[in-house]
Amino acid sequence: MAENGAGQSFVMEEMRGWSLVQVAGWHDSVAAIEQDIARVCGIAPPAEVGGVAVAGAISLIRVGPGRIWLIDEVGEVFARMAAAIDPTQGCVTPLGEGRRRFRLSGERVPEALKSLVALDLAAPSLAPGRAALTMMHRVPVLLHRVASTTFDLYVSTTFSVSLEEWISEAAA
Amino acid sequence: VSQPCRLAKGGHIDRSRPMAFTFDGQRMTGFAGDTLASALLANGVTLVGRSFKYHRPRGIFCAGPEEPNALVTLREGSARTPNIPATTVELSEGLVAESQNRWPSLRFDLQAVNSLFAPLLAAGFYYKTFMGPTRRSWMLYEPFIRRAAGLGRASEAPDPDRYEVRHEFADVTVVGAGPAGLAAAIAAAGAGAQVILIEQDFLAGGSLLATADPAEAAQRAAMTERIRRLENLKVLLRTTAFGLYDGGTLGLVESCDHEHGQVRQVLVMLRARSIVFATGAIERPLVFPENDRPGVMLASAARAYLNRFGVLCGRRIVVATNNDSAYRAAIDLAEAGADVTIVDSRGKLAPTVVRMADAHGVPVRTSTTVLKVLGRHRVKAVVLAASGGPEERVAADLVCVSGGWSPTVHLTSHQGIRPRHREDIAGFVPGALGPCRFTAGAVGGTYDLEGAIAEGTGAGKLAASFDGGKPSAPPVAGPLADSLAAVSSAAPQRKSGKAFVDLQNDVTLDDVRLARSEGYESAEHLKRYTTLGMGTDQGKTSNVNALSLMAGLADAPVAQIGTTTFRPPYTPVAIGALAGRAVGRHFRPIRRTPMHAWHLENGAEMIEAGLWKRPWFYRSAGATVAEAYIAEMRFVREAAGICDISTLGKIDLQGPDAVEFLNRIYVNAWSKLDIGRARYGVMLRDDGIVLDDGTAARLGEHHFFMTTSTAKAADVMSWIEFLLQTAWTDLRVQATSVTDDWAAMSIAGPNSRAILAAALPEFDPSSDALPHTGVLCGERAGRPLRIARLSYSGELAYEVYVAASAGAATWRHILDVGKSFGLRPYGVEALGALRVEKGHVAGPEIDGRTTLDDLGLGRMAKQTRPFVGSVLRQRPALLETQRPRLVGLECLEPERRLRSGAVLFDRGEPAAGHGRGRITSVTWSPTLGKYIALGLYGGEGDTDGREVVAVHPIRSESVRARIVAPVFLDPEGKRLHG
């Protein structure tokens with residue numbers, strides 16, 4: 001944890017024990033896939049790119065017009081999802097092995113993020129409960145605003161050590 | 001006497017906070033709120049620098065960032081920062097400043113002798129004088145010329161300061177916190193917008209800071225107080241907007257208090273929905289002989305030093321003008337106790353102006369101009385003459401000049417919007433701006449205070465409404481604007497002496513005339529021939545005068561001459577600010593494979609491959625790369641080796657149209673690939689040139705696993721996304737990068753099958769179960785694992801892909817089990833050498849210039865179905881038989897070696913030009929006991945066995961080699977098939 005002179009905190013911790021799969025459909029089957037997701041997860045996927053829907057241990061983040069990320073805090077969703085999707089309608093790709101997830105929390109996080117990502121945190125598109133694919137230090141990341149001063153950052157595993165240091169120094 | 005030119009009261013300085021500083025080692029004192037320039041002037045310092053070319057003594061000319069003369073070097077040692085205008089430096093305790101471009105001292109500069117050679121140093125002198133007697137003569141002269149002319153000297157040590165980059169967003173951005181900008185910001189914030197107000201100065205107020213009028217001062221105080229109270233308005237002081245870019249992005253550089261631990265500068269990328277440009281105007285000088293002497297100063301600057309800093313820069317002052325604005329300076333200076341005379345080139349003045357001067361006892365000489373300034377290190381007198389009248393010498397210690405005003409149109413012009421000329425104000429104003437862009441105040445030619453504030457308020461409201469359809473606020477013509485009509489700042493020259501147009505670059509009136517007479521008629525040509533408008537100030541005080549002169553010489557309107565192109569940055573930006581924190585180990589992000597830590601712990605020497613760090617070689621195999629890679633090749637050929645190939649691009653491809661997609665993107669056919677088999681593929685760019693090669697394995701009816709080369713992984717993924725999202729939206733396919741999800745390792749060598757059988761008993765690596773190009777999928781310890789029998793080295797080899805988090809453990813396990821079979825790790829140097837022996841092409845051959853046929857892969861291409869690049873690969877130039885084709889090369893000189901990049905010539909052919917081809921990849925072959933290479937060679941006829949000469953011009957080497965088939969090892973593929 002880092003703290004500035006005004007006593008504002010910045011905490012970065014790695015989240016563990018979760019899983020991530022991407023469910024995607026084709027141009028003519030996205031609606032059907034969304035129904036499959038809703039049936040398995042108990043919640044409809046968000047309609048807009050950047051939207052997030054949460055039901056219990058599962059979060060659905062729409063990362064593209066036909067792509068939805070399913071984040072399961074318990075780690076059971078992949079098998080159920082794979083079984084539910086007709087391969088002629090869509091596909092399921094596990095992506096959790098290739099990502100690390102860092103939770104950034106504290107009063108100083110929004111200010112520190114100004115030097116990390118080119119995103120307008122005051123915009124409705126990044127209100128709490130929204131997400132955005134963006135670049136951090138020229139590396140693609142997904143930033144999910146969990147709450148006003150709490151953000152989950154999904155980082156490619158191979159870049160994660162480098163970005164962890166980059167973020168830590170920005171917060172120092 | 002301490003601060004002899006400082007008045008007892010007045011100004012926006014804090015006399016209770018003295019600040020010590022040094023200039024050229026001399027200790028002085030100023031006050032908080034001073035700039036370095038105002039503090040120097042307060043201390044009676046008028047000589048602050050030497051000019052660029054002639055080393056003429058120069059003083060302080062302006063009071064802002066447009067300063068051409070008073071450039072100083074700040075700080076010492078590695079923090080040394082040259083070419084900073086003293087007028088922009090906020091005075092701080094302990095500041096160390098030094099004059100520059102002089103030796104041995106500022107007062108006595110030996111290179112001032114250049115003035116004696118002035119006739120030889122006219123515009124373009126180096127193009128004419130230093131071009132002979134031989135073509136290389138310039139190389140001899142250049143260092144001396146550069147040493148004689150120039151600016152300050154930067155430190156060559158690493159920059160000790162820290163920098164940052166920050167992103168900001170706003171509904172409305174207002175550039176400039178003068179009266180128009182303040183009004184715009186207040187109006188926009190009042191309308192509910194989130195506003196950011198940018199000001200390069202450390203105080204807001206602009207021209208209101210330089211006023212002696214109590215009502216105007218009160219107006220400033222009221223506006224700044226209002227701004228302080230508006231919570232949705234953020235003010236960035238000490239921040240310069242240096243560039244305007246696409247999407248409403250402004251590049252800002254914010255100066256910080258780095259002496260007290262903060263970063264020195266922050267690069268702020270500000271994205272705004274609406275922008276109000278309230279950037280003001282810069283006063284123009286007058287051009288007359290010796291107009292560069294210390295003590296010649298812009299009238300607005302003298303007024304700013306008086307009213308803002310409490311510094312009276314002279315006691316006997318001549319104010320030379322061609323417009324009304326200088327009268328306010330003259331009157332303020334007279335009120336402060338100076339003996340002031342106004343010299344006005346106009347014959348007829350507005351009655352209000354005359355009455356104003358009379359009321360303050362300031363004499364006005366109409367139809368009179370300054371013919372020359374007398375004095376060397378300081379103004380002593382001026383020579384005046386009325387139109388057609390006799391010359392008169394008038395004693396003076398300060399000459400204030402005003403040739404009208406030039407709106408600061410730099411930012412508004414950065415996106416290619418040419419400014420337009422307004423004859424009525426003899427200046428350029430912004431051209432037609434795009435949606436959500438507004439101007440207010442002097443930048444649009446509105447010079448009167450009431451008009452500027454009214455425009456600012458209107459522009460602020462429009463900007464807050466986000467109505468992009470509204471044009472910029474129309475300029476309001478005030479009484480002062482009327483009086484600026486059609487003036488020229490350059491009077492006919494009657495006296496000898498240099499009349500400077502560009503003070504920073506020592507460009508004179510004669511230089512401009514010479515350039516014109518030699519045919520340099522466009523503004524762009526004039527700039528490049530004379531250097532006018534170049535340098536750190538980019539001609540802020542000189543450009544419009546020069547254009548006016550050119551128009552006069554061409555007998556054409558100024559509008560016809562036009563301006564040079566305005567480009568960012570408006571003021572210099574430290575390279576460090578552009579880099580921010582991305583320096584040293586953070587210069588770029590580092591990419592690590594799952595086995596990275598193992599490599600480091602086990603003696604790997606790492607090498608960069610793009611952003612990746614890869615094992616180059618292992619010290620256990622040899623002390624140097626040359627030793628190690630040969631040893632590593634040997635144990636791969638004789639036993640087995642394991643190599644980390646996690647860096648390969650990996651793409652998960654799923655969907656009913658996946659086969660169709662592969663058929664389109666690769667040159668070869670995929671329809672008949674069975675589940676559980678992989679195939680080598682090559683893809684082309686649209687233009688028929690090879691993009692990349694790789695493999696794709698069929699895991700299911702609709703499921704493929706593609707690999708790309710390490711170097712092209714990102715390009716290929718982007719290319720695939722582009723095609724699927726734009727050209728082939730009808731295909732039912734999803735391509736997802738899974739490079740990070742899979743660790744990968746290649747186990748190669750005659751013992752590799754036995755090693756896999758022992759290490760991964762869950763899988764059957766026999767030839768029946770896993771033939772060449774076969775693929776097995778399964779799990780190990782609950783983690784997915786895939787084995788593909790593919791070879792890059794020419795040996796029996798397997799690629800093992802495993803879930804990234806299990807990568808390191810699997811690697812260790814296979815190595816432990818394989819130890820008894822002679823398994824050892826090998827690095828990318830050996831990996832590359834092994835593939836050269838086998839004749840496989842890679843990045844050095846797939847270099848963005850080669851075709852399928854060049855690489856000997858033409859037979860792979862489908863004949864019946866189109867694929868990306870299939871049309872343009874048939875262009876005549878790509879089908880020429882003389883194109884260099886892939887060949888192998890054997891070194892014919894045992895004691896010498898071949899080198900990559902060497903140019904190939906036929907034996908007996910002169911070694912000049914591009915030759916017949918080049919060597920692309922080289923290795924020592926332990927199997928063949930000689931240096932071998934791959935190359936591209938374009939000889940005629942049957943080239944096999946031909947002797948060529950490989951010439952390496954940089955090393956001055958010529959080595960004989962023989963052209964052979966590119967596959968050096970096991971052409972029948974016996975090793976490969978085990």
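Buried means under 20% relative accessible area, exposed means over 50%, and partly exposed lies in between, with a 1.4 Å probe and protein chains only as cover. Helices (H or I, at least four residues) and strands (E, at least two) are DSSP runs, numbered from the N terminus. The structure is a predicted model, in which local features need pLDDT of at least 70 and side-chain atom pairs count only at pLDDT 80 or more, while totals for chains, interfaces and linings use all residues. Residues are numbered from 1 along each chain as its sequence is written, chains are lettered from A and ligands numbered from 1 in the order in which they are written, and side-chain values use heavy atoms, with hydrogens and water left out.

**View 1. Helix α6 of chain B is mostly covered.**
Let's start with a helix that spans residues 299-307, where eight of the nine residues are buried. Those eight are B:A299, B:A301, B:A302, B:R303, B:A304, B:Y305, B:L306 and B:N307.

**View 2. Chain B as a whole has 24 helices and 47 strands.**
The C-alpha atoms of chain B fill a box of roughly 110 × 70 × 55 Å, taken along the principal axes. Of the 978 residues in chain B, 59% are buried. Contact means heavy atoms within 4.5 Å. Among chain B contacts between residues at least 6 apart in sequence, 66% join residues at least 24 apart.

**View 3. A:H144 sits in strand β10 of chain A.**
This strand covers residues 139-147. Is A:H144 buried or exposed? A:H144 counts as buried because its relative accessibility is 7%. Leaving aside neighbours within four places in sequence, A:H144 is in contact with A:V52, A:I61, A:G129, A:R130, A:A131, A:T150, A:F151, A:D152 and A:Y154.

**View 4. B:T81 belongs to strand β6 of chain B.**
The strand takes in residues 81-85, and B:T81 is buried, with a relative accessible area of 14%. Beyond its neighbours within four places in sequence, B:T81 is in contact with B:V72, B:T73, B:L74, B:R75 and B:R264. Now find B:R6, which is 75 residues from B:T81 along the chain: the C-alpha atoms of the two are separated by 28 Å.

**View 5. A salt bridge joins B:R783 to A:E97.**
Side chains of opposite charge can pair when their charged atoms come close. A salt bridge is a side-chain nitrogen of Lys or Arg within 4 Å of a carboxyl oxygen of Asp or Glu, and a search of the whole structure finds 67 of them over all chains. In this one, the closest N and O atoms are 2.4 Å apart. The pair crosses between chains, from B:R783 in strand β39 (residues 783-788) of chain B to A:E97 in the loop between β7 (90-94) and β8 (99-105) of chain A. B:R783 counts as partly exposed at 28% relative accessibility, and A:E97 counts as partly exposed at 23%.

**View 6. B:R865 and B:E660 form a salt bridge within chain B.**
Here the closest N and O atoms are 2.6 Å apart. The pair links distant parts of the chain, 205 residues apart: B:R865 is in the loop between α23 (828-838) and α24 (876-879), and B:E660 is in helix α19 (residues 658-665). B:R865 is partly exposed at 33% relative accessibility, and B:E660 is partly exposed at 22%.

**View 7. Six residues are linked in a network of salt bridges.**
Look for A:E111, A:K114, B:R166, B:E168, B:K234 and B:E254. Within this group, the side chains of A:K114 and A:E111 meet at 3.5 Å, N to O. A:E111 counts as partly exposed, at 43% relative accessibility.
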